[in-house]
Amino acid sequence: MLTATLLHLAGEDELPADTEAIDRDLAEDIVARDIPLSDITRALRSMQHEWLSLLIDAAVSVGPEGIRVVAAVATSVTETMDAWIGAATDAIVEERRRVYLAEQVRIRSAIESLVTPAPVDVEVATQVLRIPLIGWHLGCAIGTPPGGAVERRLLDGIVHLFARGVGSERMLRYETSAGTIHLWVTTDRPPQTPRVEDLRVPAPLLVGIGEPHPGAGGFRRTFLEASDALGLAARLGAGGGISYGDAALAIVLLRDEERARWFVQHELRDLATDSPEMAEMRNTVRAFFDTRMRIAPAAERLFLHRNTLINRLERIQAVLGHPVAERTAETQAALVLVELLRRHPDDPSTKYDGPGA
């Protein structure tokens, strides 16, 4: 740098601030030691002050002829140092960007390995992700329906609220090419799962929240649960989103939609028909199950006379082909499914589609 200053004073047409030879090594060293850019700039400005003082003292000692070049000395030192500071800043910023991108690639690769069933070196993944994989993990997936768009600040707001709701600053964020954001918040003990309504999710954003699970396996499990919950929320058009714990049965039953449709038809028969009468019948069966198959509480919930409910249950039994008290698990599962599936008009006997699909 001092040589460049003197060459500039000697009358070079262009400022010889070619830093290509040292910028990369200098930048790598600075970034590797995490030295603040402000410290580098302060050191160079200190150098500038010293050189300027020495050169001006030398020029003045020459006499009148030297005094005439004081202005040129000041200009040369300042311009040379400005050029080197600018070059060093650019090099450091570029090196930090390169390191950041390389770090992001390693983080993404580690996450993608963890969410697949392939074997993972937990110790290496822990070092890359900088979270204790042996801890507890709670996943959240944030997305929009096809064609939906939101401002970035709204997404970031949901991320902040979720982490705060779990009560931990140890968080990983992974974004897919489709724009879905996956979060993991890690804690030392089983965390409390935030409710969807607590996140105050603005339309058209949707969230899916998994359940907390420990270890590397739990990292993958909560990710899959949150993804499935988000998928169901998008399918149903559920405002805000869905927690896996509230919809696990529906998510599992809908893993194979074709067989889910067959199951509904097999268990409910005509009770699955999309008509006001059958919808009322299904609501009656749900109330009956919810009250532990007790006539009086079910009738009170439905605002029906006891005898009216008994007559309705007899009609339902005739449709099902067996007493309501039989095959209760299958019937309740089919009742969950029938609300998630809606018949296509072109084939009313077998085809269903999700509401709002």
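Analyst: A salt bridge is counted here when a side-chain nitrogen of Lys or Arg comes within 4 Å of a carboxyl oxygen of Asp or Glu. By that criterion E103, R106 and R130 are linked in a network of salt bridges. The model is a predicted one, and a search of the whole structure finds 24 salt bridges in it.

Among the individual pairs, R97 forms a salt bridge with E94, and the closest N and O atoms of this pair are 3.0 Å apart. Both R97 and E94 belong to helix α5, which covers residues 70-114, and their separation of 3 residues corresponds to about one turn of the helix. R97 has a relative accessible area of 46% and is therefore partly exposed, while E94, with a relative accessible area of 41%, is partly exposed as well.

A further salt bridge joins E151 to R153, with the closest N and O atoms 2.6 Å apart. Here E151 counts as partly exposed because its relative accessibility is 45%, whereas R153, at 57% relative accessibility, counts as exposed.

D290 forms a salt bridge with R301, the closest N and O atoms lying 3.4 Å apart. This pair links distant parts of the chain, since D290 lies in helix α11 and R301 in helix α12, 11 residues apart. D290 is exposed, with a relative accessible area of 51%, and R301, at 45% relative accessibility, counts as partly exposed.

Helix α13 (residues 306-320) has 15 residues, and the distance from its first C-alpha to its last is 21 Å, close to the 21 Å expected at 1.5 Å a residue. Its buried residues are L309, R312, L313, I316 and L320. These residues cover an arc of only 105 degrees around the axis, so they are placed on the same side of α13. What covers the buried residues of α13 includes α10 (257-268), α11 (276-290) and α12 (295-302). After α13 comes G321, whose phi is positive, near 85 degrees.

L2, L6 and L9 make a nonpolar surface patch of about 220 Å². Of these residues, L9 lies in helix α1, residues 2-9, and L9 counts as partly exposed because its relative accessibility is 31%.

Definitions and conventions:
Residues numbered from 1 in each chain as written. Predicted model: local features only at pLDDT ≥ 70, side-chain atom pairs only at ≥ 80, totals over all residues. Heavy atoms only, no water. Patch = residues over 30% accessible without salt bridge, like charges linked within 9 Å, V, L, I, M, F, W, Y side chains within 5 Å. Areas by Shrake-Rupley, 256 points an atom, 1.4 Å probe, with all protein chains shown as cover. Helix = DSSP H or I, 4+ residues; strand = E, 2+ residues; numbered from the N terminus. Buried < 20%, exposed > 50% of the residue type's maximum accessible area, 1.4 Å probe, protein only. Expected span 1.5 Å × (residues − 1). Arc of directions from axis to C-beta. Contact = heavy atoms within 4.5 Å.
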